Amino acid sequence: MKKSSLFGAGLAALVLVSGCKARDIELSSDLSDISETNTDKAFTAAYSSDGGAEGTAAAADIIEKRLKAVCDGDFTVSADGSSITIELPDKTDSEAEELLKDIDKTALLTFRMGWSGDIPEGGSYEDLELVLTGAEVDNAAAFYNSVDYQFAVELKLDEKGAEAFKAATRAAFDKSLDNGEYGYISIWLDSEEICAPMVSSVIENGMCVISGGFDTDSAVRLADLINFGALPVNLTRSYAE
């Protein structure tokens with residue numbers, strides 16, 4: 001697991017999200033062989049949820065916000081009972097799949113004491129002590145850090161999150177002072193460890209930066225997932241056409 005440094009943030013940046021790719025058209029000298037990868041039929045994907053109508057409707061609202069952030073074309077998101085249907089009328093199959101690749105992620109962001117290397121054999125990330133969740137994040141923004149020349153995501157925590165983060169970073173930092181081994185706070189999206197920053201100071205201002213291996217698209221995508229919140233239900237794709 002690549003580790004990065006966790007530090008207080010005094011930076012903020014505005015990131016513009018590029019639109020969807022234009023549709024691809026293939027041309028041939030033989031007019032009868034002209035083909036177009038996009039058809040008049042809308043790309044449709046359907047998902048089933050493990051929750052009731054209320055939770056499914058709330059999930060549909062979040063999905064609509066996620067799509068608005070990454071797509072400049074037309075789309076519809078509708079909920080019916082425990083089902084959600086998404087239509088993308090002007091996208092090719094490949095463009096639609098790219099837009100929807102993370103759309104059904106629960107996207108539950110958690111901060112936990114330690115890192116994946118501290119999980120006992122047969123255990124899970126939930127065995128690590130929970131510090132805070134994405135519910136305590138006021139805002140997330142992707143930016144280019146000119147100090148270490150990489151893209152990152154800056155988080156601004158609410159009052160409750162700031163206090164919890166202050167206590168956690170103090171505990172991790174004190175650990176390094178006591179035994180000479182650096183303490184870590186890992187950051188998870190669902191069950192995926194995004195990074196495991198080393199804590200080099202106590203962070204008291206409720207600001208922090210997630211860094212490590214991001215490009216523009218992945219940093220923006222993560223910030224959007226955090227800002228729009230976790231889905232209240234789990235989704236499973238039932239079909240796409």
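How much space lies in the largest cavity? The largest cavity holds about 80 Å³. This is a predicted model, in which local features need pLDDT of at least 70 and side-chain atom pairs count only at pLDDT 80 or more, while totals for chains, interfaces and linings use all residues. Residues are numbered from 1 along each chain as its sequence is written, and side-chain values use heavy atoms, with hydrogens and water left out.

The pLDDT, the predictor's confidence in each residue from 0 to 100, averages 82 over the protein, and 83% of the residues score at least 70. Over residues 9-39 the pLDDT is below 50, and this stretch has 50 contacts in the model beyond near neighbours in sequence (a contact means heavy atoms within 4.5 Å). Where pLDDT is low, the predicted coordinates should not be read in detail.

A cavity is a set of points, on a 1 Å grid over the protein atoms alone, where a 1.4 Å probe fits but cannot get out; a pocket is an open set with protein on both sides within 12 Å along at least five of seven lines, and lining residues have an atom within 4 Å of a point. Grid points are joined across faces, edges and corners, and a volume is the space filled by probe spheres set on the points. By this rule there is 1 cavity of 30 Å³ or more. Its lining consists of Arg66, Val70, Leu99, Asp102, Ile103, Arg221, Asp224 and Leu225. Helix 1 (53-70) and helix 4 each give two or more of these residues, and helix 4 gives the most, with 3. Helices here are DSSP runs of H or I with at least four residues, strands are runs of E with at least two, and both are numbered from the N terminus.

The second largest pocket has about 240 Å³ of space. Among its lining residues are Asp102, Arg221 and Leu225, which also line the largest cavity. Strand 12 (192-195) and helix 4 (216-228) each supply at least two lining residues of this pocket; the largest share, 4 residues, comes from helix 4.

The largest nonpolar core has 31 residues, and Ile194 and Ile210 are among those with the most contacts inside it. Its largest share, 6 residues, comes from helix 4. Such a core is a set of buried Ala, Val, Leu, Ile, Met, Phe, Trp, Tyr and Cys residues joined through side-chain atoms within 4.5 Å, where buried means under 20% relative accessible area (1.4 Å probe, protein chains only). Leaving aside neighbours within four places in sequence, Ile210 contacts Ala152, Val153, Leu155, Ile187, Ile194 and Cys195.

Notes. Buried < 20%, exposed > 50% of the residue type's maximum accessible area, 1.4 Å probe, protein only.
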